[in-house]
Amino acid sequence: MMWNTFEQDKPYLESKYLNPTFDPNTGLSAEELLAGLEKIYADTRALPHPTVKAMAVAYVLDHVRINVSPHDWFVGIDGWRFLRDRMVHKTIIMKWQEEVYQKYASEERRRMKIHNACGSLSIWPDYDHSVPDWKAVLKLGFPGLRQRAKDCRERHREAGTLTAEREIYYDAIETEYAAILRFLARLQAQAEEKGRQYPRCAMTAKCLKTLMEGAPTNSYEMLQLDYLFFFIAEYFDGLQVRSFGNLDQMLYPFYQKDLQEGVFTDSQIRELVSYFLQQAHVMHHYWGHPLYLGGSDETGKTLINPVSYLILEEFDRMGLYDPKIQIKWDKALPEAFVNQVLDMIRRGHNSIAIVCMPNVIKAMMSFGVTEREAQECVVSGCYEVQVAGNSTQTAAGHINMAKGVEMVLNNGRDALTGQMIGVETGGLEEFTSFDAFYEAYLKQIRFLTQEALTISGSVEGHFLELNPAPMFSSTVYNSVQQGRDAYAGGCKYMFTSILVCNVASAVNALMAVKELVYDTGEYTLTQLNEILEKDWEGHDRLRLRMKRSHEKFGNHQALSDRYGAAIASFVANQINMKPSQNNGYYITSLHCARQFIEMGKRSAASPEGRKRGEEYSKNISAAMGTNWAGTTALIESVTELNTTQFLGDFPLDVMLHPSAAQGEEGLAAMKQLIQTYSDRGGLAIHFNVMDVEVLRDAQKHPEKYEDLQVRVCGWNVLWNNLPLSEQEQYIAQAQLL
Amino acid sequence: MKYKAMLMDVKRFAIHDGPGIRTTLFLKGCPLKCVWCHNPEGIWPKPQMAYYLHKCIDCGECVSVCPTGAQTMTEEGRHSFDRERCIACGACAEVCLGEAMLRYGRTVDLEQALAIALEDAAFYGSTGGVTVSGGEPLLQAEFVAELLTALKARGIHTAVDTCGCVPWEKVEKVLPCTDMFLYDIKHMDPRQHRQLTGRSNERILSNLIRLSELGARIEVRFPMVPGCNDDMEQIAQMGVFLSGLHIERVKVLAYHSMARAKYAALGAEDTMPRVDTPTSDEMRAAVEQLRQMGVNAVSG
């Protein structure tokens, strides 16, 4: 039986990656693969890295175990527990990283280690925020992408411009694509053999045959290609593919054609979509597997189509939180679609994020992107945007804005380790006014920003040695035409994002210093610093007082809003449009990923009542438990910032009580909240709709809440997987609702 | 700016006090004393202190700022609050580290109230706006009229949430500046009404009739309290009465006892019925009963 089988196939799908069984005759074990990759690294020290990378990827594709199952429409690939750590990355790329740092940036690496350990900065080489040109992938398929690269190579040869570098580039693409086609042939042979017994495997064999020969011709082939390209690029080639693409637009032409020609029915395509979504769900990695829906064409007409609804409905029915879905929000979105999205969010589908397109377009255009490119932008990762098919984006480093206060209090040193991580701004007795303290804070932040740019920049110019990208590059026409790796100048737009973290905590700490030392004069800076050094020991009353001190960012108070906007802009002005080492530009993000937790762990107590090691504020949101004036005030505060300065990302986390989202009134209120956020310039917004009683009950009875999920930052986790301390933070926030 | 108001509380992002996203200003003082009242801090027209014992961490910060000696510490280091001595100045609430002391009631003038009401104007859109509630806001009708007139002049939708138990002149004062009335009906029987709220319902019903005759936009709210006003005969009578008026809809609100802690905090006698929240079936039955009488009823 081929159709209506999802529920009976679910046990296989659930175990497909987590507890797989593969025929050992189909390839090597994961341990053998790792050993083989180690050998490739050792044997190829003299070869150019694009050549080695392609050899490594080809090696994995040729030897990884495979399984075409009658219980699945999508092929199975072994070694998941190893693959998810990206074995090529682990065995080869990370060693190249070491080499590149030693060769070009040993001093920067030394400083990077200190900053990372102290939580002042968080930096590592990043290649993980780009999206292939899905249009090209679907139009050309694997063979077409290979042929296009061959054609471009030939043109260079004829023109006498086929340099040694270009030869290496094209050879690497050829090696990878030849291996991909061999890989498809292996899968196809197995599918054909099993197809004698199982009709679905026969269908899979036919699908793979088409993909071996060219572009997809129907919905099934399109989804299989999307899945295969994503999987190989993400987990073998080792460059995260930060989106499955705008799946509704990608699938719709095939859907229409299949219905017209009777290839598949609506319900069959629906079932294929649910198997597809299930792949991402079971592959789950904490950063999630995104796809996005919606958008408008150049005339302003919505691109929402029947497949947009179909995907939402299947996602809803399956109760998934990965893939995570982003919605391109604008006024052209059909009301029915908006209502469906918001209804899902309020029922707990909080992995859905909203991206406000009018402001995204404005922000992108202010960085030199054309209007059309901005309209057609890709939404990727958590909520990031980029030009489709002709851009790379890397998240090069994170700056801890709250650390600046600690650095002023310790004359440029980290309070916990004593390491020098900033500049000497003088003894505390020298700061006779808050303005003087604030100026010193800005000096520390300026220094950290410069450090982030210098350290990340020290390796950004060496991407070809760090992690060449043959597979990704092959999709980017600009790259293939030039014969230049996409990460090494082959894209029109190469944006390097610096993530500015913990802004609300920084403002709250500054306001606390102002109040305690300069407004009331109750403590000297030295006394305050001594209290912080002791982690508030013996000063619990003062700590509680500072925690509830009402000047906290996110409550639409003039002073804290002004400082929030000022420090965020201060950093953005130093970062934006600064040329990067890989011929692109720096952009600023206010997204902090996990760094609000990690940097908090490495930082001393701070004046706003935060204890040593506690987390900071998340993204652009208020610090946990301080949004006393509620959601509307929070939106008003954050949109006081000059949002177009933050092309990298500008995400707001909103927590709502279920009563604020229930009924028609609740739906209308959510809509109005998003629209006002968008009207005021906000870029991205997502919701957690939750009740403190439910969260408490979930702590007591985890078995009853196996599906309860919360959106942490740009991704979702199951409530039961959160550490107790993080659960308590959510409860503290929910108590204010 | 002749008048001032005694403001009890403000709720921003209110979505159940009229259409759209609203800001609700709760004014202090109410002529009724409903046994189930979930805003008991709104009854007394002057400021008063609430003491949430479970939040007190015995920090003693309040003791040094209290001007009357109402706040003291025992020899064992436990905090003690003498309500008799308290003048509700609110100094203790300013310094209370556990947020156990809370002051309900502050005087605001028109400018201050307008600033509060306009803070979220960006969110009101075409449907939302400002609601004045209570307590009973029409006890301060002159101030409400000034506030709502100023809001209407700025194109903001206005609503008054009233129990209706005020002289008609008070209602009349706000008529020109009120886009919508949220009007409570608690019981149709005057004797029962008096028993449950301390006052008869005659004035309430006659004011509602007059409002309806004048074409005001009205949403009636019926707080359904098991054992007090949930018998079907009573609800049917209400349906008959309301069906003869121009009522946009009737919202049936389910009683809950979540406000019980407030009574203890205020040092007030807890009058809240010890009954369960109506079940969804019971709510549905009440709504259906009203609908059968030709009333557009919904469950709130």
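Guide: Two strands count as paired if DSSP finds at least two bridges between them. The model is predicted. In chain A, strand β10, residues 493-501, and β11(A) meet this with five bridges, in the parallel sense. One position to look at is A:Leu499, whose bridge partner in β11(A) is A:Ser589.

This pair belongs to an open sheet of four strands in chain A, ordered β3-β9-β10-β11, with mixed pairing. At the edges lie β3 (121-123) and β11 (585-589) of chain A, each of which pairs on one side only. Direction ignored, neighbouring strands of this sheet are turned against each other by 30° on average. A helix also packs on the sheet: α18 of chain A, residues 434-460, touches β3, β9 (391-400), β10 and β11 of chain A. The direction of helix α18 makes about 140° with that of β9(A).

For a strand position in the other lettered chain, turn to B:Val250, which sits in strand β12 (residues 249-254) of chain B. Its relative accessible area is 0%, and B:Val250 is therefore buried, the cut-off being under 20%. Leaving aside residues up to four places away in sequence, B:Val250 touches B:Val220, B:Leu242 and B:Leu290, and also B:Val295, B:Asn296, B:Ala297 and B:Val298. As for B:Leu208, 42 residues separate it from B:Val250 in sequence, and the C-alpha to C-alpha distance between B:Leu208 and B:Val250 is 13 Å.

Terms used
Residues numbered from 1 in each chain as written. Chains lettered and ligands numbered in written order. Predicted model: local features only at pLDDT ≥ 70, side-chain atom pairs only at ≥ 80, totals over all residues. Heavy atoms only, no water. Helix = DSSP H or I, 4+ residues; strand = E, 2+ residues; numbered from the N terminus. Buried < 20%, exposed > 50% of the residue type's maximum accessible area, 1.4 Å probe, protein only. Contact = heavy atoms within 4.5 Å. Axes fitted to C-alpha atoms, helices over the stretch in contact; angles between N-to-C directions.
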